[in-house]
Amino acid sequence: MRGPVAWWNDPWRPPRFLVAVTFGYLAWSLIPVLIAVLFSFNDGRSRTVWQGFSTRWYFGDPVKSVWHDAALHTALLQTLKLGVITTLITVPLGVMFAIGIDRWRGRLPAGANLLMLVSFVLPEVLLAVALLFVVTSLPLPIKLGTSAQVLGLVTFQIAYPAVLVRARLATIGTQYEEAAQDLGASPIAALRRVTLPMLLPAIFASTVLVFADVIDDFVLVRYLSGNSSTEPVSVKIYNTARAAPTPALNALATLLLFAALLAITVGYLVYRRMTRGDNAAAGGIAAFAGEA
Amino acid sequence: MTLTEVAAQAKPQSKRARGSALGPALAVPGIIWLLLFFLAPLYVVLAIVFGRTDPIFRTAVPVWNPLQWNPSQFNYVLSRIVGDNGIFGPALLRTAIYVLLAGLLCLLLAFPVAYYTARLSGRWKGLLLAALIAPFWISYMMRMLAWVNLLQDDGLVNRLFSLGGVFDVRTHWLTGQPVVVVLGLVYGYVAYMILPLYAGLDRLPQSTLEAARDLGASRFASFWRVTLPMCRPTIVAAVLLTCLPMLGDYFTSDMLSASPKTAMVGNLINDSVQSPGQTGQAGALVMLVLLVAVVPMFYYVRVTTRGDVAS
């Protein structure tokens with residue numbers, strides 16, 4: 001039996017306190033969500049008392065289930081629609097921006113880079129209110145609804161692909177492209193046939209991240225939604241969470257959760273395949289989340 | 001390394017001009033987009049705040065010429081922060097307290113978690129990271145909804161505290177409890193702090209820490225005098241990355257308390273955006289938050305774009 005002093009001085013003692021904090025945090029962060037998922041399968045109307053397993057809130061209930069209640073499944077479709085459209089616009093725009101800024105020296109691109117970084121940390125509500133003012137008080141062809149939502153989301157998300165692609169460009173360096181040009185490729189051909197294939201993992205990772213982030217967005221899409229037909233899942237949850245909802249709301253949230261989980265899992269597996277045998281990009285999950 | 005740090009390190013490695021027209025051609029669409037939909041809208045807010053209100057329809061009329069700007073709406077908001085009719089003051093003060101408190105709690109929670117994951121978790125690292133990333137793709141609203149369910153009067157939290165019916169606990173958690181809102185903020189945002197901290201701690205050179213111990217520093221001394229100074233920029237960046245979004249938060253308070261007793265500045269903005277005739281007031285509050293956020297924002301960008309921060 002060792003004394004407490006020897007225990008304290010032992011450099012190899014297990015970090016019990018840190019283990020407790022870490023796993024305590026994980027439990028605190030994940031168990032409430034798991035309980036919410038569990039109650040989406042509740043047989044009764046209660047979201048606090050377990051009354052048996054059923055799928056009535058998904059499609060069983062003829063009126064209030066996600067499948068039959070138009071208000072709920074339009075929200076889900078709107079979320080997925082926004083996710084797909086925004087991703088399709090944001091990723092090419094951000095990738096082009098990153099490559100362009102990377103090979104353009106001067107004040108203007110430096111300022112543009114700063115603007116992009118500021119858009120990354122600006123509180124979302126400020127951008128949302130500003131865009132709401134633009135759409136409602138200027139005579140623009142853009143109306144509140146899907147088009148305004150996409151506009152705002154692209155602006156808010158453009159930093160993701162830009163930052164990830166610039167990071168990847170920095171690790172690639174310029175030598176491959178220079179070799180291609182020395183061997184006779186035009187700048188555009190070198191970009192298309194050498195740099196772009198090497199950027200694919202970063203482009204792909206940002207695609208998945210933008211999609212996952214857009215389907216979780218709340219502030220922008222709420223202000224820029226015209227009426228209830230363009231309100232996505234997050235807004236629906238916000239509107240009904242405090243007004244005696246049924247477990248159908250949990251079911252809706254659970255479906256969104258699985259959509260995001262599916263996107264992230266498939267994305268991660270494909271990403272790992274793409275970067276196999278590539279040390280620069282093989283940072284595992286952390287690199288995938290943009291924290292390389 | 002956080003996203004922006006990486007971007008900042010993307011420096012030119014060649015003096016050779018590489019397709020000089022290609023760069024601008026590729027960057028211009030993105031630049032135009034940011035100018036049109038990011039910078040210009042902020043000017044529109046200014047034009048509305050310093051603009052007029054239509055006397056009949058109570059809609060905001062923007063005034064584009066800065067020389068004709070009328071500061072009455074901005075003054076209206078400023079004059080109501082302190083003093084007899086200071087209706088905005090308490091919410092602003094509350095925002096400051098909540099954000100500071102939540103930021104501090106986040107740091108106290110995130111640092112041990114990030115430290116353990118980055119330095120001590122061994123072969124569990126990948127799995128642990130996957131679990132730590134989970135809050136990123138679980139919708140914020142879903143996570144708040146989960147707590148709304150748990151904190152109902154007959155919810156699991158009250159049942160847990162009553163220890164199976166021994167005590168009669170009937171706390172109304174969801175009616176304006178500051179504790180619940182602050183913990184809700186921590187719950188919502190702490191993941192955004194753990195990841196940057198993890199990235200920073202993961203890059204600390206193990207040999208330097210071992211050297212500190214070998215040279216006679218105690219456990220605390222080596223932490224206090226080696227580990228902490230080396231990851232101070234990371235900590236600053238992580239705290240800003242977490243606290244800046246909290247400044248505009250109104251939905252956490254709405255979901256978990258729905259009471260003016262816990263209203264933050266985000267709630268003031270949200271309420272006035274939705275009531276007709278108060279557009280200018282909402283804009284003025286937005287400008288106020290922007291003024292408060294602008295210094296930390298540029299500080300964050302500067303900290304992360306300085307290349308030596310990362311290494």
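Q: In this predicted model, where two residues are in contact if their C-beta atoms, placed from the backbone, lie within 7 Å, how many residues of chain A and of chain B are in contact with each other?
A: Two residues count as a contact when their C-beta atoms, placed from the backbone, lie within 7 Å. Applied to the two chains of the predicted model, this criterion gives an interface in which the residues in contact number 87 in chain A and 89 in chain B.

Q: Which element contributes the largest share of the side of chain A that touches chain B, and how many of the residues on that side are nonpolar?
A: On the side of chain A that touches chain B, the largest share, 13 residues, is supplied by helix 2 (residues 16-39) of chain A. Sorted by class, that side of chain A has 13 polar and eleven charged residues, and its nonpolar residues number 63.

Q: How far apart are the C-alpha centres of domain 1 of chain A and domain 2 of chain A?
A: The domain assignment of chain A gives domain 1 as 15-54 and domain 2 as 67-288. Their contact takes seven residues from domain 1 of chain A and seven residues from domain 2 of chain A, and the domain 1 side has three nonpolar, two polar and two charged residues. The C-alpha centres of these two domains of chain A are separated by 30 Å.

Q: What percentage of the residues in chain B are buried?
A: Chain B has 14 helices and two strands, and, of its contacts with a separation of 6 or more, 68% join residues 24 or more positions apart. Among the 311 residues in chain B, the buried share is 45%.

Q: Are helix 6 of chain A and helix 13 of chain B roughly parallel or roughly antiparallel?
A: The axes of helix 6 (residues 124-137) of chain A and helix 13 (residues 265-274) of chain B come within 11 Å and cross at roughly 15 degrees. Because angles under 35 degrees count as roughly parallel, helix 6 of chain A is, relative to helix 13 of chain B, roughly parallel.

Q: Which residues of helix 13 of chain B make the contact with helix 6 of chain A?
A: Helix 6 of chain A passes helix 13 of chain B in a left-handed crossing, and the residues in their contact are, by class, five nonpolar, one polar and no charged. Helix 6 of chain A brings A:Val125, A:Val129 and A:Leu132 to this contact, while helix 13 of chain B brings B:Gly266, B:Ile269 and B:Val273.

Q: Is B:Arg143 buried or exposed?
A: B:Arg143 is found in helix 6 (residues 140-150) of chain B. Not counting residues up to four places away in sequence, B:Arg143 touches A:Val33 of the other chain as well as B:Pro135, B:Ile138, B:Tyr187 and B:Gly188. Since B:Arg143 has 24 C-beta neighbours inside 10 Å, and the cut-off is 20 or more, B:Arg143 counts as buried.

Q: Which residues of helix 6 of chain B does helix 12 of chain A meet?
A: Helix 12 (residues 233-240) of chain A packs against helix 6 of chain B at an angle of about 25 degrees, with their axes 9 Å apart, which means that the two helices are roughly parallel. Their crossing is left-handed, and by class their contact has five nonpolar, one polar and no charged residues. From helix 12 of chain A come A:Ser234, A:Ile237 and A:Tyr238, and these meet, in helix 6 of chain B, B:Met141, B:Met142 and B:Leu145.

Technical notes. Residues numbered from 1 in each chain as written. Chains lettered and ligands numbered in written order. Predicted model: local features only at pLDDT ≥ 70, side-chain atom pairs only at ≥ 80, totals over all residues. Helix = DSSP H or I, 4+ residues; strand = E, 2+ residues; numbered from the N terminus. Nonpolar A, V, L, I, M, F, W, Y, C, P; charged D, E, K, R; others polar. Domains from an automatic or database assignment. Buried ≥ 20, exposed ≤ 12 C-beta atoms within 10 Å, placed from the backbone. Axes fitted to C-alpha atoms, helices over the stretch in contact; angles between N-to-C directions. Parallel < 35°, antiparallel > 145°, perpendicular 65-115°, else oblique. Left-handed = near helix turned anticlockwise from the far one by under 90°.
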